[in-house]
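Colleague: I would like to go through the terms used for this model one at a time. Please show it first.

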Amino acid sequence: MNKIIISPSILSADFANLEKEVCAVKEAGAHWLHIDVMDGHFVPNITIGVPVVKSLRRVTDLILDTHLMIENPDKYIEPFVQAGADILTFHYEACKGSEDVKSVITKIKNSGIKAGISIKPKTPPEDIFPYLNEVDLVLIMTVEPGFGGQEFIHDCAMKIPKIKEQAPDGLIIQVDGGINNLTAKICTSLGANSLVAGSYIYGSKDYKKAIDSLL
Ligand code: DX5
Ligand code: ZN
């Protein structure tokens with residue numbers, strides 16, 4: 001059986017107690033930590049940036065799975081790498097054409113970390129087929145990016161098998177948005193092998209029980 005990577009999103013954590021919240025999900029069995037970076041332009045919300053990643057790096061050895069919901073991702077690769085990100089996932093829609101997409105991927109990979117490409121709900125999976133051999137991870141958004149706690153868009157899950165069919169061995173297929181015990185099963189049965197969950201995990205009383213229920 002393929003291993004499913006659980007990446008709790010700290011967007012729904014208690015920001016006043018971030019270290020405690022990160023350690024708690026690690027204890028509870030999380031494999032990665034999902035960090036949502038939003039700039040108020042690419043998405044209508046502002047969250048956290050480089051200094052928070054840097055601080056988190058000091059207190060955890062979890063893989064820092066950093067989701068850039070920002071315009072001009074190329075400008076911020078180096079600062080996030082310096083801060084200690086292990087994976088940088090940028091949005092296909094934030095790029096200006098295929099040369100830009102390729103140069104963002106190359107820049108991330110040349111920094112020695114993993115590169116991910118993400119698509120919003122309205123973007124067809126075919127748009128990113130040309131890049132599947134270049135990236136380490138594909139992130140399929142199952143809500144409109146910007147906020148935690150939204151409802152899972154079922155149609156988006158149908159992109160998973162389309163990506164999987166074209167994917168080289170070892171490509172990580174991640175889903176993000178509205179993941180709970182039920183939607184997790186839909187996604188993993190369709191071929192996703194990494195699940196991001198924010199409100200489902202951090203909104204529960206027992207993080208371990210919540211994480212176990214996704215597997
Ligand atoms: C939304 C973010 C998600 C968010 C998911 O734009 O990319 O990572 O935290 O939150 P839930 O799991 O609550 O839908
Ligand atoms: Zn995210």
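Modeller: Helices and strands here are DSSP runs, numbered from the N terminus, a helix having at least four residues and a strand at least two. Alanine 13 sits in the loop between E1 and H1. Keep in mind that this is a predicted model.

Colleague: Why is alanine 13 called buried?

Modeller: Buried means under 20% relative accessible area. Alanine 13 has 10% relative accessibility, so alanine 13 counts as buried.

Colleague: What does alanine 13 touch, leaving out residues up to four places away in sequence?

Modeller: Alanine 13 touches Leu18, Glu21 and Tyr202. As for glycine 203, its C-alpha is 8.1 Å from that of alanine 13, although 190 residues separate the two in sequence.

Colleague: Where is serine 9, and is serine 9 buried or exposed?

Modeller: Serine 9 is in the loop between strand E1 (5–8) and helix H1 (18–27). Its relative accessibility is 3%, and the limit for buried is under 20%, so serine 9 is buried.

Colleague: What makes the pair of serine 9 and aspartate 36 a polar contact?

Modeller: A polar contact needs a pair of N or O atoms within 3.5 Å, and within protein one must be able to donate a hydrogen and the other to accept it. The side chains of serine 9 and aspartate 36 make such a contact at 2.7 Å. Aspartate 36 is also among the residues in contact with serine 9 beyond four places in sequence, along with His34, Val196, Ala197, Gly198 and Tyr202.

Colleague: How do you know which residues hold the zinc ion (ligand 2)?

Modeller: Donors are N, O and S atoms within 2.8 Å of the metal. His34 (NE2), Asp36 (OD), His67 (ND1) and Asp176 (OD) lie 2.1 to 2.3 Å from the zinc ion, so they are its protein donors.

Colleague: Are aspartate 36 and aspartate 176 buried or exposed?

Modeller: Aspartate 36 has a relative accessible area of 5% and is therefore buried. Aspartate 176, at 9%, counts as buried too.

Colleague: Which side chains have N or O atoms by an oxygen atom of ligand 1?

Modeller: Serine 9 has a polar side-chain atom 2.8 Å from an oxygen atom of ligand 1. For aspartate 36 the distance is 2.8 Å, and for serine 199 it is 2.5 Å. Alone, ligand 1 exposes 380 Å², and the protein buries 100% of that.

Colleague: Why does aspartate 65 count as buried?

Modeller: Aspartate 65, in strand E3 (residues 63–69), has 0% relative accessibility, so aspartate 65 is buried. Its side chain is joined to that of glutamine 174 by a polar contact of 3.0 Å.

Note on methods: Residues are numbered from 1 along each chain as its sequence is written. Chains are lettered from A and ligands numbered from 1 in the order in which they are written. This is a predicted model: local features need pLDDT of at least 70, side-chain atom pairs count only at pLDDT 80 or more; totals for chains, interfaces and linings use all residues. Side-chain values use heavy atoms; hydrogens and water are left out. Buried means under 20% relative accessible area, exposed over 50%, partly exposed in between (1.4 Å probe, protein chains only). Contact means heavy atoms within 4.5 Å. Donors are N, O and S atoms within 2.8 Å of the metal (3.2 Å for Na, K and Ca); water is not among the atoms, so sites may look incomplete. Accessible areas come from the Shrake-Rupley method with a 1.4 Å probe; for residues, only the protein chains shown count as cover.
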